Amino acid sequence: MDSIIVNGGSALNGQIPIAGAKNACLTLMPATLLSEEPLTLTNAPRLSDIKTMTALLASLGAEVQSLQDGQVIAMSSHGEINPVADYEIVRKMRASNLVLGPLLARMGHAVVSLPGGCAIGARPMDLHIDALTALGAEIELKDGYLHANAPKGLKGAVYEFPLVSVGATENALMAATLAKGTTVLKNAAREPEIGDLAKCLRSMGAQIDDDGKGTLTIEGVDRLHGATHPVVTDRIELGTYMLAPAIAGGEVELLGGRRDLLDAFCVKLEEAGIDVTETDKGLKVSRMNGRIRAVDVVTEPFPGFPTDLQAQMMALLCTAEGKSVLEERIFENRFMHAPELTRMGADIEVHGGTATVTGVERLKGAPVMATDLRASVSLILAGLAAEGETVVSRVYHLDRGYEHVVGKLRGVGASIERIKG
Ligand code: UD1
């Protein structure tokens, strides 16, 4: 298995281009199943999760072509569709469950394996099931597969999510576009990736009204047509690379970055003493002198602080002056990076969903192990600030969500390399 070696201590300067959003692309791709006409995505990220979704859609009978070095994904679901999403593919990635809503809407029938994915908590499917059941589907679990049926088609309904779920909102939204009548989804997730999905579905002919406060009203249509859609910027990749100069020092411009995608995160960086400015090309982040200040962080659904940046933020706070308290409210088991950061000299105490980080002057390089996607990159960020060499092993998680991480960080002056193993 490959590892990444980081030699810390260099300030970072220059520009980093930000890719299209993994999490947006993973819900935009299954939208191809809703139409017999072609759907083309531009600004797609080059990631192993995208390859997994490509394999899944191909196994369902969709044609998926990767063009322009993977930045364009041209899809067509004009042929016969197989409504069975097999465990062998689904287990590799939780987002595979996003084919459930589109398959059900198109075919009136779907058999989808329960997913695997990052080991960051139980991550059940009950909200997906409840929302699709409200639209008239009958769903039962047999042998590890969800068997969903709506032989007479889905019917519009009013459904209020008891808990905000990104994936369940996406499944219900996609399904509702082809349901008969009006669907109102209340307490829907408001993540920018949902806005991007709604935009794409509208350009395919869907009728969706978003009140911007968590209510989506969808007027079902008989059919959707083809479209070409640019994938929104990856706010998690953006936030991750904003933390690189914040941790290591220096000034880096994130090309394509937008503050509105990540305002709660920017506010916390500023509270810690990091400068964030908007430029013509994106966002510029700088940290010139002195230690940063401790800040408290609570992860919440959008527009709150994203759980997908909690591990990376913790890496920053390890060297802040004072005590920071990080409360994880989305996933119950998302502090697996804490013991690894401790190996690098961090002072972190975890009690249930709360981690208290007492800042130390310097981290020290050490061999560490990546446990999930965002944890992996937090260890690389910590390595940028640490004295000496950090070796991060099990980096395959990283390839799921970050394209060219070594090249992007080297481009701004980091000493980092990937070793084949
Ligand atoms: C998506 C993102 C993931 C991010 C997460 C939260 C994708 C591909 N992944 O994951 O990177 O960390 O949003 O922002 O977009 N839950 C239930 N029942 C359900 C579904 C979810 O209880 O049926 C719970 C989960 O266990 C979790 C919370 O709801 O505690 C939020 O999960 P959800 O928003 O659904 O996350 P994902 O869509 O899986």
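Ala21, Lys22, Asn23, Glu193, Asp234, Arg235, Ile236 and Arg374 line the largest cavity of this protein, which is seen here in a predicted model. The protein is divided into domain 1 (3-18 + 233-419) and domain 2 (22-230). Both domains give residues to the lining of the largest cavity, so this cavity lies between them. The points below cover the cavities, the domains, a strand pair and several individual residues.

**The largest cavity**
- The space in the largest cavity comes to about 40 Å³.
- Two helices, α1 (22-28) and α8 (235-248), each supply at least two residues of its lining.
- By class, the lining of the largest cavity consists of 5 charged, 2 nonpolar and 1 polar residues.

**The second largest cavity**
- The lining of the second largest cavity is formed by Ala19, Gly20, Pro45, Leu47, Asp234, Glu237, Gly401, Tyr402 and Glu403.
- Of these lining residues, 4 are nonpolar, 2 are polar and 3 are charged.

- A distance of 31 Å separates the C-alpha centres of domain 1 and domain 2.
- Contact between the domains involves 21 residues of domain 1 and 18 residues of domain 2.

**Strands β4 and β5**
- Strand β4 (residues 63-67) pairs with β5 in the antiparallel sense, over 5 bridges.
- Within this pair, leucine 67 has valine 72 in β5 as its bridge partner.
- The hairpin of β4 and β5 has 4 residues between the strands.
- Glutamine 68 lies in the loop between β4 and β5, and its phi is near 45 degrees, a positive value in a residue other than glycine.
- Most residues other than glycine have a negative phi.
- Glutamine 68 counts as exposed because its relative accessibility is 61%, over the 50% cut-off.
- Serine 76 is found in strand β5 (residues 72-76).
- Serine 76 has a relative accessible area of 11%, which is under 20%, and therefore it counts as buried.
- Apart from neighbours within four places in sequence, serine 76 is in contact with Thr32, Glu36, Pro38, Ala62 and Glu63.

**Asparagine 187**
- The loop between β11 (182-186) and α7 (192-203) contains asparagine 187.
- Although asparagine 187 is not a glycine, its phi is positive, at about 55 degrees.
- Asparagine 187 counts as partly exposed, because its relative accessibility of 30% falls between the cut-offs of 20% and 50%.

**A cis peptide bond**
- Most peptide bonds are trans.
- The bond from phenylalanine 302 to proline 303, however, is cis, with omega near 10 degrees.
- Proline 303 lies in the loop between β18 (297-298) and α10 (310-317).

**Arginine 343**
- Arginine 343 belongs to helix α11 (residues 337-343).
- With a relative accessibility of 47%, arginine 343 counts as partly exposed.
- Although 22 residues separate arginine 343 and glycine 365 in sequence, their C-alpha atoms are 8.6 Å apart in space.
- Leaving aside neighbours within four places in sequence, the contacts of arginine 343 are Ala366, Pro367 and Val368.

Conventions
Residues numbered from 1 in each chain as written. Predicted model: local features only at pLDDT ≥ 70, side-chain atom pairs only at ≥ 80, totals over all residues. Heavy atoms only, no water. 1 Å grid on protein atoms, 1.4 Å probe; cavity = no way out; pocket = protein on both sides within 12 Å on 5 of 7 lines; lining within 4 Å. Points joined across faces, edges and corners; volume = space filled by probe spheres on them. Nonpolar A, V, L, I, M, F, W, Y, C, P; charged D, E, K, R; others polar. Domains from an automatic or database assignment. Buried < 20%, exposed > 50% of the residue type's maximum accessible area, 1.4 Å probe, protein only. Contact = heavy atoms within 4.5 Å. Pairing = 2+ DSSP bridges.
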